[in-house]
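Visitor: I am new to reading protein models, and I would like to go through this one slowly. Could you take my questions in turn and show me how you reach each answer?

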Amino acid sequence: MGATLLLLATLMLPGTTPPILPPEMQTALLAKVVAYDRAFAQAPLSRLRVLVAQADGAEREAEGVAAALRRAGFPVTVVSADLAAALPGTPAVVYIVGDGIGAALADACARARVLTATARVDLVERGRVTLALALKADSKPEIVINTARAAREGRDFEARLLHLARLVH
């Protein structure tokens, strides 16, 4: 039985604020977060397929994220953000790189109970994505979880993770 996880990691353009967490750190945090999600029943990373959905103009960033995910042991496929809403191959992770998540993809992820994640805190604060793996102003990593979105996606995070994360509703 495969687990489904959608990781929406949206990278910002150079020179914009706030800066994003490097792909390797996002991947390391993601691996830790999924270990605290009971919905994945301790599935090994090799069973959590990642679909990297890239927005127009984000091809280079998407490949960097995909490479980091592969190095961590996640199976990865890269597609355009437009094609991601079909959730091809029932991914374990869909990692969106670019400037946002469309309504069709957000709805498809909720229906399929796919975890959504990003490097963009604003997407989590607006309820479009469940999880942000980001940088705080002091350049330290931050985990941000939208609890309402998490419930729609069927997430079951352990209290230890929720205690470490900044929660938004």
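Visitor: Does S139 count as buried or exposed, and what is its relative accessibility?

Guide: Please keep in mind that this is a predicted model. S139 sits in the loop between β5 and β6. A residue counts as exposed when its relative accessible area is over 50%. For S139 the value passes that cut-off, so the residue counts as exposed, at a relative accessibility of 54%.

Visitor: What is the phi of S139?

Guide: Most residues other than glycine have a negative phi. S139 is not a glycine, and yet its phi is positive, at about 70°.

Visitor: R113 also has a positive phi, so where does R113 lie, and how exposed is it?

Guide: R113 is a residue other than glycine with phi near 60°, and its place is in the loop between α4 and β4. Buried residues have under 20% relative accessible area and exposed ones over 50%. The value for R113 falls in between, so R113 is partly exposed, with a relative accessible area of 48%.

Visitor: How far apart are the end C-alpha atoms of helix α2?

Guide: Helix α2 runs over residues 59–71, which makes 13 residues.

Visitor: Within what arc do the buried residues of α2 fall?

Guide: The buried residues of this helix are E61, A62, V65, A66, A68 and L69. Seen down the axis of α2, they line one face of the helix, because they fall within an arc of 160°. On the other side of α2, the exposed residues are R60 and R71.

Visitor: Which residues is L131 in contact with, leaving aside its neighbours within four places in sequence?

Guide: Contact here requires heavy atoms within 4.5 Å. With those neighbours in sequence set aside, L131 is in contact with L30, V33, L115, T116, A117, T118, V124, I143, V144 and I145.

Visitor: Which residues does V79 touch, not counting residues up to four places away in sequence?

Guide: V79 is 20 residues from E59 in sequence, and their C-alpha atoms are 9.6 Å apart in space. Once the residues up to four places away are left out, V79 touches L51, V52, A53, Q54 and A84.

Visitor: For the protein chain as a whole, what percentage of the residues count as buried?

Guide: The chain comes to 7 helices and 7 strands. Of its contacts with a separation of 6 or more, 67% join residues 24 or more positions apart. Of the 169 residues in the chain, the share that count as buried is 51%.

Note on methods
Residues numbered from 1 in each chain as written. Predicted model: local features only at pLDDT ≥ 70, side-chain atom pairs only at ≥ 80, totals over all residues. Heavy atoms only, no water. Helix = DSSP H or I, 4+ residues; strand = E, 2+ residues; numbered from the N terminus. Buried < 20%, exposed > 50% of the residue type's maximum accessible area, 1.4 Å probe, protein only. Expected span 1.5 Å × (residues − 1). Arc of directions from axis to C-beta.
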